[in-house]
Amino acid sequence: MIPICPADDAHVKPVAACVQCRNNDELDFDFEYAYQPIIHLRQRAIYAHEALVRGPNGESAYSVLSKVNDTNRYMFDQACRVRAIRGAAELGIAELLSINFLPNAVYRPEACIRSTFNAAREYGFPIERIIFEVTESEQVMDRPHLVNIFEEYRRFGFRTAIDDFGAGYAGLNLLSEFQPDIIKIDMQLVRDIDTSPARQAIVSGIVSICAKLGIAVLAEGIETRGERDFLRDAGVDLMQGYLFCQPAFRAIGVVDPAAWK
């Protein structure tokens, strides 16, 4: 059963919408989604699919994100959640769905989450299969606010992830304040890791820390078997990258059978 929006639950005190939530303005640009599988290497199975924003005809993410500004950031973030869920439901995705969100667009998590619950209910996509991930390289103006968003999302039943870990502003300080379900190691640390002792030491340290904190580690941007094999031997089971499958525009990506071997 899909949980109802907490603001509508008779056992939860009603939550007043913020000014942005009451704003019914529409975006003046369109966008779509591509979906890229995240694989569990040891189990040889699809673990999740990440929803990646694209232009209406498959144009780059930049062509869309370059249009986001302080005026439309909230509307865009809300529209992203709805369209990602709708697309996943229409494609019949049965695994987890990872959706990026913009923490600077979330004013009150208990109010701003309403559209996500409504979309999950409308399209029949269980919220326990949704991962909300934030890019660690995004400069979050108020880190306690981000931690509060994560804690509220977890309370509502969503999974959480920090993307591009090791490339941003927060790093271990953020991790000390909140332990997400998943850490996604930045692809710059993954690139040529099989031949880089420095990257090997850093990633091995991240894996060790996450093991002690009960956090799953996901390596993204994998392009070679050498990268895959080192990370596998380092204890990383979750992987994502062109070696396995490129993002599929408005479709479910098919993993290359040779990439498992």
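**Strand E1 and its neighbours**

Tutor: Happy to! Let's start where two bridges join strand E1 to strand E9 (residues 248–249), the two running antiparallel. Across that pairing, Ala34 has Phe249 in E9 as its bridge partner. A word on terms: strands (E, at least two residues) and helices (H or I, at least four) are DSSP runs numbered from the N terminus, and two strands pair if DSSP finds at least two bridges between them.

Keep in mind that this is a predicted model, in which local features need pLDDT of at least 70, side-chain atom pairs count only at pLDDT 80 or more, and totals for chains, interfaces and linings use all residues. Residues are numbered from 1 along each chain as its sequence is written, and side-chain values use heavy atoms, with hydrogens and water left out.

E1 also pairs with strand E2 (residues 45–54), in the antiparallel sense and over nine bridges. Here Glu32 has Arg54 in E2 as its bridge partner. The two strands form a hairpin with four residues between them, and Arg44 in the turn has a positive phi of about 50°.

E8 in turn pairs with E7 in the parallel sense over three bridges.

What about burial? Eight of the nine residues of E1 (residues 32–40) are buried (under 20% relative accessible area, with exposed over 50% and partly exposed in between; 1.4 Å probe, protein chains only), so E1 is largely enclosed by the rest of the structure.
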